[in-house]
Amino acid sequence: MSSALLAGLFTSPIHIGTDPASMLWMFPLLAAIAIIYKATKMRVLMWKRFIREVGILFVTLSGFMILAIVVLNLIAWLATT
Amino acid sequence: MKNMRNSTDFALLLLFVALAGWAVPGAGHLLIRETKRAIIICATVVGLFAVGLYIGSVAVLEPVHTAWYIFAGQMLTTPAVGVLTDIAQKGEYIAYGRPADIGLIYTIIAGLLNLLCVSNAVYMAYCGRGQLIGEDEA
């Protein structure tokens, strides 16, 4: 029964609207990119330092993405008004 | 002769590390005894791929109607994607719109990140890094 329930999770897509909240789906992707990048780049892996560096990279990536969203929306708004 | 055999063994080791890393994300690093990296890579790549399937369902594994490079990107995660694709093709699963797009992006990025990890594992093995081959510098 639990395997059927588990399989059910992957057989129909979830609902994602076209509202700004759908942009939140970029954060798990950015987190994964930050984790893998730091896991391959750090010469010696120590948990504390690894978590701190992943956090810094994740915040940096998120900041640039949010900035890009704001700038692109501003351009679109200026072009359409 | 001995050098030639050694270089052949070394090339085979690199090939084995690459194939292991592709077969199971993180296994390449596990072979060179980089256990922490292996755990992190496996959890992240498999987790990202699973989230992609959760968002867009197994219908995002579609080799027939999508471009070949999209499916190639997904296949970089692990060869097991081929088995999942076969299962998905037999069922009548449909995904379209934003969930399908986001699911595709997640699964492709998981594959590309695994490619980065495979190349990193091979590079580490080549440089003699990893606890199996040599001591890591502190």
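**Exercise 1.** At what angle do helix H2 (residues 26-41) of chain A and H6(B) pack, and how far apart are their axes?

*Solution.* Before starting, note that this is a predicted model, where local features need pLDDT of at least 70, side-chain atom pairs count only at pLDDT 80 or more, and totals for chains, interfaces and linings use all residues. Residues are numbered from 1 along each chain as its sequence is written, chains are lettered from A and ligands numbered from 1 in the order in which they are written, and side-chain values use heavy atoms, leaving out hydrogens and water.

Step 1: the angle is about 5°, and the axes lie 10 Å apart. Here axes are lines fitted to C-alpha atoms, for helices over the stretch in contact, and angles run from 0 to 180 degrees between N-to-C directions.

Step 2: so H2(A) is roughly parallel to H6(B) (angles under 35 degrees count as such).

Step 3: look at who meets whom, with contact meaning heavy atoms within 4.5 Å. H2(A) brings residues including A:Leu29, A:Ile33 and A:Ile36, while H6(B) brings, among them, B:Ile109 and B:Leu113.

**Exercise 2.** Work out how chain B and chain A touch.

*Solution.* Step 1: chain B gives 32 residues to the contact and chain A gives 27 residues.

Step 1: together they bury about 2,700 Å², with 70% of it on carbon and sulfur atoms (buried area is the accessible area, 1.4 Å probe, that two parts lose on being put together, summed over both). B:Ile40, B:Tyr54 and B:Arg98 supply 22% of what chain B buries against chain A, more than any other three residues.

Step 2: count salt bridges between chain B and chain A, and you get 0 (a side-chain nitrogen of Lys or Arg within 4 Å of a carboxyl oxygen of Asp or Glu).

**Exercise 3.** Which residue forms a salt bridge with A:Arg49?

*Solution.* Step 1: the partner is A:Glu53, with the closest N and O atoms 3.3 Å apart.

Step 1: both sit in helix H3 (residues 47-80) of chain A, and because they are 4 residues apart there, about one helical turn separates A:Glu53 from A:Arg49 (helices are DSSP runs of H or I, at least four residues, numbered from the N terminus).

Note on methods: Helices (H or I, at least four residues) and strands (E, at least two) are DSSP runs, numbered from the N terminus. Angles under 35 degrees count as roughly parallel, over 145 as roughly antiparallel, 65 to 115 as roughly perpendicular and the rest as oblique.
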